[in-house]
Amino acid sequence: MNPSQQHLPKLCPKRLFLFFTPFLLFSLYYILTTIKTITISSQDRHHPPQLHVPSISHYYSLPETSENRSSPPPLLLPPPPSSSSSLSSYFPLCPKNFTNYLPCHDPSTARQYSIERHYRRERHCPDIAQEKFRCLVPKPTGYKTPFPWPESRKYAWFRNVPFKRLAELKKTQNWVRLEGDRFVFPGGGTSFPGGVKDYVDVILSVLPLASGSIRTVLDIGCGVASFGAFLLNYKILTMSIAPRDIHEAQVQFALERGLPAMLGVLSTYKLPYPSRSFDMVHCSRCLVNWTSYDGLYLMEVDRVLRPEGYWVLSGPPVASRVKFKNQKRDSKELQNQMEKLNDVFRRLCWEKIAESYPVVIWRKPSNHLQCRKRLKALKFPGLCSSSDPDAAWYKEMEPCITPLPDVNDTNKTVLKNWPERLNHVPRMKTGSIQGTTIAGFKADTNLWQRRVLYYDTKFKFLSNGKYRNVIDMNAGLGGFAAALIKYPMWVMNVVPFDLKPNTLGVVYDRGLIGTYMNWCEALSTYPRTYDLIHANGVFSLYLDKCDIVDILLEMQRILRPEGAVIIRDRFDVLVKVKAITNQMRWNGTMYPEDNSVFDHGTILIVDNSIK
């Protein structure tokens with residue numbers, strides 16, 4: 001042995017491994033960090049983060065404070081991630097001026113579009129092909145848990161919807177009043193400043209609102225949805241729509257009250273609903289020029305209205321003509337406007353059944369057998385040739401009449417009254433509906449009844465009154481919503497627009513409401529508008545269509561603080577989803593499959609806010 005080695009310690013292989021492990025780990029960390037930095041820098045050069053800055057109008061109605069008395073604050077970017085590996089994995093909070101961010105209805109981007117036919121107010125979403133700046137939409141300062149239902153129908157916290165403009169502009173019409181730290185909704189409106197009850201009583205004198213034959217209603221230009229709120233007394237479910245406008249957040253007020261509503265406008269595209277969806281369509285001074293473009297907007301109303309459905313109209317020229325019929329002021333002009341309106345209705349084969357101040361009511365025919373010759377004689381745009389009248393996602397309105405089935409009154413299919421129609425779907429009377437058999441429909445109904453019973457038994461959150469606004473992101477036949485019918489909730493049933501078979505028509509036939517949607521884009525709603533989000537198979541459906549990170553961030557945008565999320569999907573997909581929700585600060589829990597309850601090996605994730 002070399003003398004110089006005699007005094008060296010003898011290191012066994014195990015000790016050598018322990019001795020060099022720290023150096024090896026440090027070297028590996030350095031290499032990986034360097035590679036990651038280079039990769040991110042390269043990505044940033046090719047795909048810079050895209051951030052659509054909210055318009056200044058988001059600040060217009062905020063209370064006067066030292067923070068917003070002058071000009072609105074500049075865009076504040078989120079702080080850079082912490083050097084700590086545990087913190088750097090979190091998504092940053094968006095700047096405070098993203099509190100009321102509407103990705104597809106942002107006024108700062110809408111200005112670049114034409115004002116013709118109100119196209120500017122249509123959906124205009126960020127380009128999904130671009131990399132998006134990802135952050136969590138914050139709640140406003142002073143946000144409080146909303147009033148529970150049914151108290152929320154009358155009250156809302158000011159800090160949750162901090163817009164005073166509507167209360168100021170409509171104070172003589174009793175839409176909404178600001179009293180201290182809360183809004184009060186007295187049930188008024190432009191056509192019914194004294195209260196909606198007397199207004200509905202006029203309709204009730206003509207239409208059987210309490211019979212169950214009228215269940216689904218579309219309210220165009222809804223205001224704060226006082227009309228839809230009152231119809232709940234008759235177990236009528238109303239889809240209230242209005243565009244984002246200068247009054248600020250009408251739809252957000254409606255949703256804060258616990259009422260169904262979404263952003264929508266009659267402009268260029270069809271409304272995102274199937275044909276023959278609504279038993280009644282209502283417009284009270286909704287500021288739509290119904291005779292423009294040869295009655296195109298009324299043709300769209302005709303498309304979504306059921307056979308023998310009702311069209312209720314109040315406001316100019318109807319109310320003005322009735323009110324001033326014994327006066328000369330503007331009588332000739334109003335008479336001309338009303339005649340143009342009646343001419344469109346004649347061409348649509350609608351029948352006027354009542355005219356009583358302040359409303360006029362028409363009825364759609366049960367078929368077009370009797371008016372085909374009239375349509376040809378009047379040289380009006382004829383019946384549509386489209387093979388799919390239910391296709392309505394980014395589809396332009398057509399100047400034609402959606403044809404009704406060629407059946408006479410003795411052979412027509414009649415919807416059952418509510419609530420019998422919930423589990424009886426006429427479109428399935430022939431034995432199947434677009435690939436789904438009646439047996440499959442019944443099995444689906446029973447399956448969701450078992451699942452909802454499991455939710456309530458295990459988590460105790462359905463019957464505690466905490467959740468009112470619910471959205472089902474992949475509603476299928478509406479079984480989840482049907483199983484919730486005994487709870488004090490309403491469900492927005494969403495059917496992906498490209499899903500086959502298209503089942504949204506079945507959802508409406510059951511007396512439920514919903515919309516088409518592409519979850520690669522943002523929903524037409526304000527932030528913090530849903531208490532409970534249900535996602536069944538959504539992420540496996542969109543794996544090859546867009547990044548599921550953006551879908552989860554959209555869920556965070558529309559979910560109320562203290563809200564809950566239920567996600568059902570394949571186990572491998574849920575593992576990916578769980579990793580992302582951890583970055584969103586959602587403390588979700590994965591529940592293993594239980595073959596006695598869950599079919600097809602599904603897994604449940606529930607956000608911890610349920611507890």
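Colleague: Is cysteine 94 buried or exposed?

Modeller: In this predicted model, cysteine 94 counts as buried, because its relative accessibility is 7% and the cut-off for buried is under 20%.

Colleague: Which cysteine does a disulfide join to cysteine 94?

Modeller: Cysteine 135. The S to S distance is 2.1 Å.

Colleague: Where do cysteine 94 and cysteine 135 lie?

Modeller: Cysteine 94 is in the loop between helix H2 (85-88) and helix H3 (107-110). Cysteine 135 is in the loop between H3 and strand S1 (155-157). They are 41 residues apart in sequence, so the pair ties together separate parts of the chain.

Colleague: And cysteine 135, buried or exposed?

Modeller: Buried, with a relative accessible area of 9%.

Colleague: What is the handedness of that link between cysteine 94 and cysteine 135?

Modeller: Right-handed, with 95° about the S-S bond.

Colleague: How many disulfides does the structure hold?

Modeller: Six. Number the bonded cysteines in sequence order and the pairing is 1-4, 2-3, 5-6, 7-8, 9-10, 11-12.

Colleague: Take cysteine 104. Which residue forms a disulfide with it?

Modeller: Cysteine 125. Their sulfur atoms are 2.0 Å apart. The link of cysteine 104 and cysteine 125 is right-handed, with 115° about the S-S bond.

Colleague: Which parts of the chain does that pair link?

Modeller: Distant ones. Cysteine 104 sits in the loop between H2 and H3, and cysteine 125 in the loop between H3 and S1. They are 21 residues apart.

Colleague: What is the accessibility of cysteine 125?

Modeller: It is 22%, so cysteine 125 counts as partly exposed. Its partner, cysteine 104, is buried, with a relative accessible area of 2%.

Colleague: What about cysteine 283 and cysteine 286: how far apart are their sulfur atoms?

Modeller: 2.0 Å, and the two form a disulfide. With -95° about the S-S bond, this link of cysteine 283 and cysteine 286 is left-handed. Both cysteines are buried.

Colleague: Cysteine 222, buried or exposed?

Modeller: Buried, with a relative accessible area of 8%.

Colleague: New topic. Where is threonine 268?

Modeller: In the loop between strand S6 (261-263) and strand S7 (278-284). Threonine 268 is buried, at 11% relative accessible area.

Colleague: What does threonine 268 touch?

Modeller: Leaving out residues up to four places away in sequence, threonine 268 touches Arg117, Tyr119, Glu122, Lys395, Glu396 and Met397.

Colleague: Now helices. How many residues has H12?

Modeller: Helix H12 has 22, running over residues 438-459. From first C-alpha to last, H12 reaches 32 Å, close to the 32 Å expected at 1.5 Å a residue.

Colleague: Which residues in H12 are buried?

Modeller: Among them are Phe441, Asp444, Thr445, Trp448, Tyr455 and Phe459.

Colleague: Why do residues three or four places apart in an α-helix point the same way?

Modeller: An α-helix has 3.6 residues a turn, so residues at that spacing point the same way.

Colleague: What follows H12?

Modeller: Lysine 460, whose phi is positive, near 55°.

Colleague: Last topic, confidence. What is the mean pLDDT of the chain?

Modeller: It is 81, and 76% of the residues reach 70 or more.

Colleague: Where does pLDDT stay under 50?

Modeller: Residues 1-23 are one such stretch, with three contacts beyond four places in sequence. Over residues 25-87 the pLDDT is also below 50, and that stretch has 71 contacts beyond near neighbours in sequence. Where pLDDT is low, the predicted coordinates should not be read in detail.

Note on methods:
Residues numbered from 1 in each chain as written. Predicted model: local features only at pLDDT ≥ 70, side-chain atom pairs only at ≥ 80, totals over all residues. Heavy atoms only, no water. Disulfide = S-S within 2.5 Å. Helix = DSSP H or I, 4+ residues; strand = E, 2+ residues; numbered from the N terminus. Buried < 20%, exposed > 50% of the residue type's maximum accessible area, 1.4 Å probe, protein only. Contact = heavy atoms within 4.5 Å. pLDDT = per-residue confidence, 0-100. Expected span 1.5 Å × (residues − 1).
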